[in-house]
Amino acid sequence: MICRLDDIPDGEGKGLTVQTKAGEREIMIIRKGEQAFSYLNSCPHAWVQLDWSPDRFMNRDKTHIMCATHGAMFDIETGRCIAGPCLGDHLMPFPVTVKDGTVFTALE
Ligand code: FES
């Protein structure tokens, strides 16, 4: 279990550190309704963390993930950069599932 979906306000994100076979990874989980989308917390432009401050990953309208460093905008569902210096690049997906309101990694 990573967290409860209700721990994340709808349209917001949460940053977490998770243990994988390759070691610790910083990830983000973005909630959209009853769905959760997860990516490594690393911008493909300069490989820095995306959040503005803890758990602040979204643009003002909560329509896209936005990098705090140079403002790249990413599609929530696909992680594809739709505007900014890494246009067309993708966030690295991290596999999660939601079951009964709880977010799990696919590794569990
Ligand atoms: S580091 Fe994210 S847009 Fe430059």
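Biologist: Is A46 buried, partly exposed or exposed?
Modeller: A46 is partly exposed, because its relative accessible area is 40%; buried means under 20%, exposed over 50%, and partly exposed in between, with a 1.4 Å probe and protein chains only. This is a predicted model, where local features need pLDDT of at least 70, side-chain atom pairs count only at pLDDT 80 or more, and totals for chains, interfaces and linings use all residues. Residues are numbered from 1 along each chain as its sequence is written, and side-chain values use heavy atoms, with hydrogens and water left out.

Biologist: Where is A46 found?
Modeller: A46 sits in the loop between strand 4 (35–40) and strand 5 (65–66). Strands (E, at least two residues) and helices (H or I, at least four) are DSSP runs numbered from the N terminus.

Biologist: What separates the C-alpha atoms of A46 and T69?
Modeller: A distance of 8.9 Å, with the two residues 23 apart along the chain.

Biologist: Now R31. Buried or exposed?
Modeller: R31 counts as buried, because its relative accessibility is 11%. R31 lies in strand 3.

Biologist: What does the side chain of R31 make a polar contact with?
Modeller: The side chain of E34, at 3.2 Å. A polar contact is a pair of N or O atoms within 3.5 Å; within protein, one must be able to donate a hydrogen and the other to accept it, and residues adjacent in sequence count only if both atoms are side-chain atoms.

Biologist: How do strand 3 and strand 4 run?
Modeller: They run antiparallel, joined by six bridges; two strands pair if DSSP finds at least two bridges between them. I29 has S38 in strand 4 as its bridge partner. The two strands form a hairpin with two residues between them, and G33 in the turn has a positive phi of about 65°.

Biologist: Different topic. How many residues has the largest nonpolar core?
Modeller: It has 16 residues, and those with the most contacts inside it include M28, I65 and F74. A nonpolar core is a set of buried Ala, Val, Leu, Ile, Met, Phe, Trp, Tyr and Cys residues joined through side-chain atoms within 4.5 Å. Strand 3 (23–32) and strand 4 each supply at least two residues of this core. Apart from it lies another core of twelve residues, among them L5, L16, I29 and V103.

Biologist: And V103, which residue is its bridge partner?
Modeller: V98 is paired with V103, which is in strand 9. Four bridges join strand 8 to strand 9 (residues 102–105), and these strands run antiparallel.
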